[in-house]
Amino acid sequence: MGGCCDLQVDVNGEEVFMVDKQTLASYSGRFRKLFGKRTGASRCLKVIFHDFPGGAEGFELMARFCYNNGRIEITPSNIVLLFCVAHFMEMGGDGDGSGRPNILSQTEKSLEGISFWTWSNLVVALKQCQDLLPALNLSSVLHKLLDSIIAKLFSPYVTSTYASSSEDLSFRFSSGRSSYSLKTDCSRKTWWVEDLMFLNTDLLEKVGRRMIFQELDHTTIFKFLFHYHQSKSIGATRGEKRKITELVISLLFLLDRSFLSVKGLFKIYQAAMCLRVSKKCVNKLVSMIGSQLDQATIDFLLVPSPRTKKYVYDVSLVLKLVKSFLLEGGDRVSQSRLKSVAKLMDSYLAEVAPDSHLNPSKFEALATMLPHSARESHDGLYQAIDVYFKRRAVLFREEKMSICCALNYEKLSTEALKHLAHNSKFPPRKAVEAFATEQLKLRSLFHEAYNLKTLDSLFIDTGKEIRDEKEEGKQIIPLSMKKLDLPTETPKRRADLQNMQWKASELGVCGTMEMKMTGALNLRLSFRGSTRYLPTLFP
């Protein structure tokens, strides 16, 4: 560089420049403060920068501006760097009163035309912005860039030199509600996806939230986030994968549930379990999957159980998904969606029924989660219960009756009723109906006594992790056997409750005593040794 070189500048340890300090100080407020009035002939000074924006490239742009009398070509490829350098070196005003041009005002004026930039120019500027973050005073430029980029995304198609240069680019995604294909010719709404794969997690969060705020199509956002998760996880460390997965889950949770794909969510769930993401993220994911459970297929639900469990499939997950589906839909869930879930649950019950290690309380929860109205026919439910009764080595009378309460005998076909009449594994229909009636009356009495909306917490809580292995051999003492101490009981209510206690005890006490006597002999054959082939969960 020309002029009297009396200043040595070490830029971030990358390169050392010899420059004229007076030339630089005439445009930089930071240099003026540093040198004060020492602008005459003096010994050579040395300045060391450890955090100069853009390193040697940034300093060279600044020096070129200064040596060229305040003129430099500003382009989308250097505007972000020039903006950062201008702030860092305090080049935004006429500090010395000379009226010289300043680079900050020039970059700000150039940014006013950002809406006319091409897509490729915007992507280049965003990449540079990512490299410079977290630089001071860069948020305003970033917001302008993001707004302009998202405005382009509303266009059906914009030429993308990045996507079109990848001849083998192919990304397919399908579900019950949508199909997605991104190829070299680019689809109308997702032509831009591959161009933004350079985003790091910090910038992805800003981009994702901006997309949602600007009301970009949620299906498109889902496809983008799903592809980002799949693409960025390749070659990443375990810690990086966990961070990516948790961020993607958090962003997906902000989307409208009706635009989510069950297939994609299950793939993310598989990755989340392998990476042991936070419980909060898992709960969000379960909530999202559950809300669209009617779109799932049986293969999605056949998730292997945790290694610490003996049963084959993760029944606890399915119970959570069904509970989430019912909670999300509430009274508004359509009958068609409810029937779809019921059909899915019948298929799932048929898969888990042969598992002799499956706890009766879990099987009962699966069978009773949905209301009777969800199923037009109870034949499938009966068949699953029949298989479970036959495969379970020890099953007590009260457990059988609790499970059979899920059956609506009026919805069984003639063939099923004939089979049931000769099925010694099933308790008599009248006993089951009497048991169910007494349980219902007990619930009503407790409801009246405590004025509660629900008594689920007083019975088996199907929403909790049932203590499978530690308590599998233990019999929960029926509620009807426990002493009832109601704070508002009257002589009449006390008599009614005692009557209910006695009747329920007649039905359950035999099973309880039997379990206490034979619990130690409950030796079960290993189901894993003869398990059926697990279907491929994710293609």
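Trainee: Which residues in H11 meet H13?
Mentor: On the H11 side, they are Glu246, Ile249, Ser250 and Leu252. Their partners in H13 are Cys281, Lys284, Leu285 and Met288. Keep in mind that this is a predicted model.

Trainee: How do the residues of that contact divide by type?
Mentor: Five are nonpolar, one is polar and two are charged.

Trainee: And the geometry? At what angle do H11 and H13 pack?
Mentor: About 45°, with the axes 10 Å apart. H11 covers residues 238-252 and H13 covers 279-291. That angle makes H11 oblique to H13.

Trainee: Is the crossing of H11 and H13 left-handed or right-handed?
Mentor: Left-handed.

Trainee: New topic. Where is Ser324?
Mentor: Ser324 is in helix H15, residues 315-329.

Trainee: Is Ser324 buried or exposed?
Mentor: Buried. Its relative accessible area is 9%, and the cut-off for buried is under 20%.

Trainee: What does Ser324 touch?
Mentor: Leaving out residues up to four places away in sequence, Ser324 touches Val286, Ser287, Gly290 and Ser291.

Trainee: Zooming out, how many helices and strands are there in the protein?
Mentor: 23 helices and five strands.

Trainee: What share of the residues is buried?
Mentor: 49% of the 539 residues.

Trainee: And what about contacts between residues at least 24 apart?
Mentor: They make up 74% of the contacts between residues at least 6 apart in sequence.

Note on methods. Residues numbered from 1 in each chain as written. Predicted model: local features only at pLDDT ≥ 70, side-chain atom pairs only at ≥ 80, totals over all residues. Heavy atoms only, no water. Axes fitted to C-alpha atoms, helices over the stretch in contact; angles between N-to-C directions. Helix = DSSP H or I, 4+ residues; strand = E, 2+ residues; numbered from the N terminus. Parallel < 35°, antiparallel > 145°, perpendicular 65-115°, else oblique. Left-handed = near helix turned anticlockwise from the far one by under 90°. Contact = heavy atoms within 4.5 Å. Nonpolar A, V, L, I, M, F, W, Y, C, P; charged D, E, K, R; others polar. Buried < 20%, exposed > 50% of the residue type's maximum accessible area, 1.4 Å probe, protein only.
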